[in-house]
Amino acid sequence: MKQSLKTQWFGNIRGDILSGILVAIALIPEAIAFSIIAGVDPMVGLYASFSIAVIIAFVGGRPGMISAATGAMALLMVPLVRDHGLEYLLAATILTGVIQILFGVFKVAKVMKFIPRAVMIGFVNALAILIFMAQVPHFLGINTMTYVFVGITLAIVYILPRFFKAIPAPLIALVLLTAVAIYSGFELRTVGDLGTISQTLPTFLLPDVPFNLETLAIIFPYSLALAIVGLLESMLTANIVDDMTDTTSDKNKEARGQGIANFVTGFFGGMAGCAMIGQSIINVKSGGRGRLSALVAGTFLMFLIIVLGNVVVQIPMPVLVGIMIMVSIGTFDWSSFNYLKKAPKTDSIVMVATVAIVVYTHDLSIGVLAGVLLSAIFFVSKISKIKVEKRLLDATQYRVEGQLFFASVEDFLEKFDFDVEGEKIVIDFTDAHIWDDSGVGAVDRVVLKFRENANEVEVTGLDAGSRKLIDQLAIFKSSNAKLPTH
């Protein structure tokens, strides 16, 4: 059910504030890392995360979902930044926002119904694996104390909630272990090792690019790709948060909100972003439910950078690694192993293929699109099986059963015996449906081939949809119709 605006903002104040603080801290290393991937200064990702999180809190369609700079978007930016520089990226970010707003206006959320459950499960599992893989360089083969801090973090986040739930366990682990690391002097990697943080607010600017068609030609392909990938990831994340919170959300409003957030962010020196599944799950699992959590995450992120920048850079990476490992474990759909046994083989193949492609390419959109395409191929293959039963009654009767369209035409044509002469032929479509021009063309071909041998042909049993197509496209009804020569 949808929540009222008051409930979305003030129905869970304490939970939203605490979870928002935790999300803000966890956003910092990710924003820096994504900036490095894109080839820009760390502050570009941090400004983007601040701007997008704050704006989406007001204009987004999914309360409790966190949006910021993301890895999937950063990967798409690499060639643009490399070949043309930051200013063109900012211009592309603004155009990305415009395209997403248009997608929202034209109800792009309708396409979500074409993503099968097997693809959704594969998407979630692949994301969990990618989240875990992203943590490996930060703890594997560094030193013993790193393993100790990761282990203690995991122990706190899993054990403490059994006894104390007033404050999110990951937040307690972060504050406690950061204090221990600072005062103990243990040799640990910190957030500061990822990049330099400037303690300055973002300022309004116009991208320093020529305002002409040449610039548009450069940025449009990138903006279109960013818009599609961003909305795809945001819609899928919204579905996951819907399920986790047992609520519904306005996906078209979310699309427009993502567009507004990116449009504004480009004017404040930030890169394009979208919903973050990992951070959204941290938020929900830590008690965040409303719009206030995203607002707190964005504002507290900037507070950390401006006021507590010197402390933030000392946060130990092993603690953040432990929290993200918890997220990856919580994100993975462990029941999918049972799903593989019980689901139809084609669904299992789609799920595994989605996981494999996403993990291999590190691109969530490619994996999802491949999964949808594979599902479509399997579906077409399944419904393209068509039966034609021949009966010898007063007339030779062919009873057609199934769906006649481009994929089933060849099998349909093979079922008929065209060697007969001077007979009455009845083709009964009572248990069949004709879907497209290819199907109509197949009926034409059968009827006209029978007529070549002086047979009388009658087509019966057409439902309303099939009859409409036949009336519009068929040529066999014409008295002088002949088979096409090509």
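**Reading the pocket, a helix pair and the confidence**

Mentor: We may begin with the lining of the largest pocket, which by class comprises 20 nonpolar, seven polar and two charged residues. Please bear in mind that this is a predicted model.

Trainee: What volume does the largest pocket have, and which residues are closest to its centre?

Mentor: The volume of the largest pocket is about 780 Å³. Of its 29 lining residues, Phe 34, Ile 37, Gly 71, Leu 130 and Ala 134 are the closest to the centre.

Trainee: Which elements give two or more residues to that lining?

Mentor: They are α2 (13–38), α4, α6 (117–139), α11 (277–285) and α14 (317–331). The most comes from α6, which gives eight residues.

Trainee: How is the packing of helix α4 and helix α5 to be described?

Mentor: One considers the approach of the axes and their crossing angle. The axes of α4 (residues 71–84) and α5 (residues 86–105) come within 7 Å and cross at roughly 135 degrees. Angles over 145 degrees would count as roughly antiparallel, so α4 is oblique to α5. On the α4 side, the contact is made by Met 77, Leu 80, Val 81 and His 84, and on the α5 side by Tyr 88, Leu 89 and Ala 92. By class, this contact has six nonpolar residues, one polar residue and no charged residues.

Trainee: What should I note about confidence?

Mentor: Where pLDDT is low, the predicted coordinates should not be read in detail. Here the chain averages a pLDDT of 88, and 98% of the residues score at least 70. Among the elements, α5 has the highest mean pLDDT (95), and helix α13 (residues 309–312) the lowest (82).

Terms used: Residues numbered from 1 in each chain as written. Predicted model: local features only at pLDDT ≥ 70, side-chain atom pairs only at ≥ 80, totals over all residues. Heavy atoms only, no water. Axes fitted to C-alpha atoms, helices over the stretch in contact; angles between N-to-C directions. Helix = DSSP H or I, 4+ residues; strand = E, 2+ residues; numbered from the N terminus. Parallel < 35°, antiparallel > 145°, perpendicular 65-115°, else oblique. Contact = heavy atoms within 4.5 Å. Nonpolar A, V, L, I, M, F, W, Y, C, P; charged D, E, K, R; others polar. pLDDT = per-residue confidence, 0-100. 1 Å grid on protein atoms, 1.4 Å probe; cavity = no way out; pocket = protein on both sides within 12 Å on 5 of 7 lines; lining within 4 Å. Points joined across faces, edges and corners; volume = space filled by probe spheres on them.
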